[in-house]
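This report walks through one protein model.

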Amino acid sequence: MSERYNFAATETKWQEFWEQNQSFKAVTDTSRPKYYALSMLPYPSGRIHMGHVRNYTLGDVVARYKRAMGFNVLHPMGWDAFGLPAENAARDRKTHPATWTYDNIKNMKAELKSMGLSLDWDRELATCDVTYYKHQQKLFLDFLKANLVYRKEAWANWDPVDNTVLANEQVIDGRGWRSGALVEKRLLSQWFFKITDYSEELLQALGTLDRWPDKVRLMQENWIGKSEGAYVNFPVTGRDEKVEVFTTRPDTLFGASFVAISANHALAKELATKDAKLAEFCAECNRTGTSIVAIEQGEKLGFDTGVTVSHPFDPAWKVPVYVANFVLVEYGTGAIFGCPAHDQRDLDFARKYGLPVKPVVLPEGEDPATFTVGDVAYTGEGKAFNSKYFDGLGTDAAIKAAIKKVEELGVGKGTVQYRLRDWCISRQRYWGCPIPIIHCETCGAVPVPDKDLPVELPTDITLDKPGNPLDHHPTWKHVNCPTCGKPARRETDTCDTFVDSSWYYARYCSADNADEPVSRADMDYWMPVDQYVGGVEHAILHLLYSRFFTRAMKATGYIGIDEPFTGLFTQGMVCHESYKDEDGQWLYPEEVKRNADGSGVHATTGRPVTIGRIEVMSKSKKNVVDPGQIIRAYGADTARLFMLSDSPPERDIEWSEAGVEGAWRYVSRLWRSVTEPKIALETTLPAALGEKALALRQTIHRTIAELTNDIERFHFNRAVARVRELSNALDTLDGSDAGEGAVLREGLETLVRLLNPMLPHITEELWAQLGHKTPLVKGAWPKADPALLVETTVTIAVQVNGKIRATLTLPKDADAKAAEAAALADDGVKRAMAGKATKKIIVVPNKIVNIVVV
RNA sequence: GCGGGUAUGGCGGAAUUGGUAGACGCGCUGGAUUUAGGUUCCAGUGAUGAAAGUCGUGGGGGUUCAAGUCCCUUUACCCGCACCA
């Protein structure tokens, strides 16, 4: 009996070997094909969690596999290190955000290293490091010059807990994405990136991202939210001005019965100055925003301004103007015309305020004389009626005709709207990249000259006062204007942390360039990222911003491509059972002991425990398992194998003790199968192999072919199943057949090589034990011998009336007649046919014979 | 409300283009080795039936020689967006 596999010693040994040999250092080499494998960079919270283990295992399998396939692989790692949690932690622990952050990075880096990831740590970056953010400031200034950045006063989403504004993408169900606080509307001066310049391009290019999940592309498409329609003007009665509305249904203009404007529309604000009740109504709308109350109650509220407007097609036709809570100032023109018959919201509104409901689109099969709308608007297509110019036209034709008509009459024009709005990047926080701008009373917003970069964060700050620590700082913001020299003040807003992560993938490629954000030669070689792996929660925010950034970097000459990530894989989350004690308090898995009957008790007190649902691991529910503990108990290879087994990578995985045990058992079995082979390994294959030995060689080579295909397609769970099948097959060798010792060696070596991307440590060790001097990290991927993939016999099924009655083993490509004859000769088949007349026989070569009888 | 997805043994999940449903693993049952447990090894494991067989991929219907796979319909759950005019 040999010793148990000592994973701790082996894993340390090989991690040191890789480090000493710089096995994963990526060097630009234009003579070799490159492969850029990237996993999303983590936020340095202090500890890695199982989600990281899964993400980085998947990315590492790709990196190691592609390396073996001969690619020059870039596989870097870094830290998304700015952000509010560091400020909060620093305040609570009376330390500095930088101290907290760099301590966390140190810890997490050690944990990541224990996973045996094939990362080029020489390219490591931290976004909070001035060596990183100084380049970001340069990019900001270049984007500013390229007219892709601007400052404007705008209604911003204010998070009252984090004391900062948020981008639209960061408001989820009316709450801040991080704090969960109800977001308020505030009018503030903010910096914006002009992502909307690329609305159409970002939308169109989704079609080229064929290695992205459809789901993510669809989410981005919906987020960009293109809609085609028209602007139409309604002249205000008794004034020389118009209310401009946006509509996608200009064909329903003859059904208009009111115009509704947002509480923040210019006209509403003007009227409110003379009408206290209206002012109160508008204030109410802003307090509740257009979010929570409105969503929960769905109540349409309006305020009749007393003002009327003329219909664009008929000056004599007056409709009232309401201020309405459901009209968004940010979308379209902040004004709509209401057509109650064909829009549910407008109908609800009209019924509440007693406005006319006039149908102008006739559904198929309805009689124009009798068709009426009750409580349900007709929003579908139909024939226009009651509509003068458009009567009789189908909806699509009527829309086109209406746009033409409003343009002819000079009362509007066809247009395209996008839901996507410019990206607000200002954050009123300390721990972020300072926006390199100086505000001067005479010169305005002046860019910090390149020679004065970087604008560094001050280190002496106070975090215990509400508001922006940069703004509180006694001296930092007071500087002289670079243009006129007069006293001025720095911009105290810092960048949204999504800016940091929008270009880090490019920076990795030129990590040692101290003078420029990136070098063009590196961009041209390494970019784009060939395979990006991360969580689906970044489907919109991070990925859309990065797509914009790459285009902005192209516009400013840094890069020659549009799309940063040609391949994207979004992995599922890691779940675990959750537990509660009698008092309803959450318990950690290690606090719970399972009884034989499946019930649970507290491990130390023995009191009953309620076993809850299987849910995504989260600290708040305590259903977490610490990867560090697992790696210490079972080793990184076992943890990696568990992550790859069973569940398809895109689906959620349930972490279970039994599953880890299973993975560990296989690792141990692999160890034994090489170190204590049942029959002696031989190095040379004899010229003639026995039947069984030959069949096994075929299995070996088929496994190579199929597993390679599985890895290419991200079917890692199937890849694991295939190596286990190969293990099972090799176990059947018992030395009874000629050449088995040599076949077993070939099988074990293949097994070890195929498993190397998944289990990098044990496979290196076993490879060395098998007598190889060159480590697997330098080795090539096994190739299947085509001659051994050719099957000589096939098993075909025989059906009678579609029911399986027998299986036959026949030579491959046997002709149909032979297959038919063999099928009819089978006893089981004869019994099933029971002398009935044969109507038809279908023969699918190498697959099936189906005999149809009556 | 709109959009998308999923549904297969006790469990996680396999199954090119319609062509032997349940690979592989977990769990479970029985046995062997062993020292007490674990480990390891062997056998079994969709349901039903003595067997032949019959039934079986959320439910119902259809197309086909043949359906987990295609079509219609329905239910449940998950995800995204949510007054976007």
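The largest cavity has 17 lining residues, and Gly83, Leu84, Arg427, Arg429 and Thr497 lie nearest its centre. On a 1 Å grid over the protein atoms alone, a cavity is a set of points where a 1.4 Å probe fits but cannot get out, and lining residues have an atom within 4 Å of a point. The model is predicted: local features need pLDDT of at least 70, side-chain atom pairs count only at pLDDT 80 or more, and totals for chains, interfaces and linings use all residues. Residues are numbered from 1 along each chain as its sequence is written, chains are lettered from A and ligands numbered from 1 in the order written, and side-chain values use heavy atoms, without hydrogens and water.

The largest cavity holds about 210 Å³ of space. Volume here is the space filled by probe spheres set on the grid points, which are joined across faces, edges and corners. The whole structure has 4 cavities of 30 Å³ or more. Strand 6 (164-166), strand 25 (494-495) and helix 14 (497-500) each give the largest cavity at least two lining residues. Helices (H or I, at least four residues) and strands (E, at least two) are DSSP runs, numbered from the N terminus. The lining of the largest cavity divides into 6 nonpolar, 6 polar and 5 charged residues. Ala, Val, Leu, Ile, Met, Phe, Trp, Tyr, Cys and Pro count as nonpolar, Asp, Glu, Lys and Arg as charged, and the others, Gly among them, as polar.

Now the cores. The largest nonpolar core has 169 residues, of which Trp423 and Phe549 touch the most other members. Helix 2 (residues 50-68) supplies the largest share of this core, 9 residues. A core is a set of buried Ala, Val, Leu, Ile, Met, Phe, Trp, Tyr and Cys residues joined through side-chain atoms within 4.5 Å. A second, separate core of 40 residues includes Leu267 and Val323.

Two single residues follow. Buried means under 20% relative accessible area, exposed over 50%, partly exposed in between (1.4 Å probe, protein chains only). Contact means heavy atoms within 4.5 Å.

| Residue | Relative accessible area | State |
|---|---|---|
| Isoleucine 461 | 18% | buried |
| Serine 546 | 0% | buried |

Isoleucine 461 sits in the loop between strand 22 (444-447) and helix 13 (469-472). Leaving out residues up to four places away in sequence, isoleucine 461 touches His96, Pro97, Tyr430 and His473. Serine 546 belongs to helix 17 (residues 541-555). Beyond its neighbours within four places in sequence, serine 546 contacts Ser501, Ser502, Tyr505, Pro564 and Phe565.

Note on methods. 1 Å grid on protein atoms, 1.4 Å probe; cavity = no way out; pocket = protein on both sides within 12 Å on 5 of 7 lines; lining within 4 Å.
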